Amino acid sequence: MARDLRVAAAQLGPIARDEPRTSAVARLIALLRQAADQGAKLVVFPELALTTFFPRWYFEDQADIDSFFETEMPGPETRSLFDAAAGLGVGFCLGYAERIRTAGGDRHFNTAILVDGTGAIVGKYRKVHLPGHSEPEPWRPFQHLEKRYFEPGDLGFPVFPAFGGTMGMCICNDRRWPETFRVLGLRKAEMVMLGYNTPQHYPSAPEHDHLQDFHNHLVMQAGAYQNGTWVVGVAKAGLEEGCDLIGGTCIIAPTGEIVAECQTLADEVIVHDCDLDRCREIKDNIFNFALHRQPENYGPIAAPKA
């Protein structure tokens with residue numbers, strides 16, 4: 001008997017720098033309702049879904065930086081999203097900037113949470129692979145200061161029992177690293193949810209600009225196939241504050257096949273019935289880890305940085 005989970009990938013178009021949280025949350029709720037109308041039980045939103053992609057600017061005032069972060073979840077401006085989800089009986093995965101106040105000072109993470117159909121948070125992930133740079137580089141047409149504004153995630157790559165399966169999360173640049181999917185695969189993930197904000201232009205290697213969409217799908221499809229997991233990749237897309245962000249939001253089967261894909265760079269919902277039992281097609285056969293892995297030969301993968 002199939003374990004079908006109807007999943008929606010809820011792509012966002014651009015969010016302006018001065019767009020208030022209330023506007024962004026209203027857009028998320030509208031997408032949530034569209035997904036629920038199509039029978040979805042889980043909706044996946046993009047990375048940093050509550051604000052514009054602020055690492056593209058250099059800020060000197062910490063208060064300016066902190067204005068993009070959430071200190072509680074749900075908070076006053078996001079409570080309505082949780083209430084709407086609970087009212088509809090639909091869960092969601094949401095990316096946002098998280099600030100934690102500690103005795104030793106504030107900590108900042110690029111975070112995703114998994115929320116069940118009652119509105120309860122049942123999982124949290126913090127982005128491990130932070131791209132970009134730590135100091136402003138004036139030659140760039142836009143900055144990518146994730147290494148300045150965030151700490152690397154400190155939760156590893158956990159999985160969570162939810163929605164009738166084993167669920168995992170990662171964020172944007174994590175998808176480019178095979179170790180991300182392999183650790184989740186070893187923990188028996190049946191679905192990996194990830195949001196991204198990916199520029200069309202790559203300043204460090206502009207000769208790769210035409211490959212951005214190809215590489216986006218390549219790594220997610222490989223991660224799905226090599227680990228026998230569904231992958232739901234969701235973009236913040238379109239021309240945001242002068243920066244073109246790729247789309248390509250899609251749902252990928254454990255065979256690596258794209259089974260649904262957004263067609264625009266705007267707010268858009270796609271839905272697919274994901275049979276979690278299809279993971280066995282891969283996990284029991286060509287990528288049967290217990291039968292075929294040779295971890296004694298993989299030492300360099302986990303060796304310290306040179």
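Where is Asp 18 found? Asp 18 sits in the loop between strand 1 (4-11) and helix 1 (21-37), with helices (H or I, at least four residues) and strands (E, at least two) taken as DSSP runs and numbered from the N terminus. This is a predicted model, so local features need pLDDT of at least 70 and side-chain atom pairs count only at pLDDT 80 or more, while totals for chains, interfaces and linings use all residues. Residues are numbered from 1 along each chain as its sequence is written, and side-chain values use heavy atoms, with hydrogens and water left out.

On the whole-chain level, the secondary structure comes to eight helices and 14 strands. The radius of gyration is 19 Å, close to the 19 Å that the globule rule gives for 306 residues, so the chain is as compact as a globular protein of that length. That radius is taken over C-alpha atoms, and the rule is 2.2 Å times the number of residues to the power 0.38. Along the principal axes, the C-alpha atoms fill a box of roughly 55 × 50 × 45 Å.

Buried residues account for 53% of the 306 in the protein chain; buried means under 20% relative accessible area, exposed over 50%, and partly exposed in between (1.4 Å probe, protein chains only). As for contacts (heavy atoms within 4.5 Å), 70% of those between residues at least 6 apart in sequence join residues at least 24 apart.

Back to Asp 18: at 69% relative accessibility, this residue counts as exposed. Asp 18 and Asn 216 are 198 residues apart in sequence and, C-alpha to C-alpha, 28 Å apart in space.

Thr 249 is another loop residue, placed between strand 11 (243-245) and strand 12 (250-252). Its relative accessibility is 0%, so Thr 249 counts as buried. Leaving out residues up to four places away in sequence, Thr 249 touches Ala 9, Gln 11, Tyr 196, Gly 233, Val 234, Ala 235, Ala 260, Glu 261, Cys 262 and Ile 270.

Helix 5 (residues 178-186) buries Thr 180, Phe 181, Leu 184 and Gly 185. Seen down the axis of helix 5, these buried residues fall within an arc of 125°, so they line one face of the helix; the arc is that of the directions from the helix axis to the C-beta atoms. Just after helix 5 comes Lys 188, with a positive phi of about 70°.
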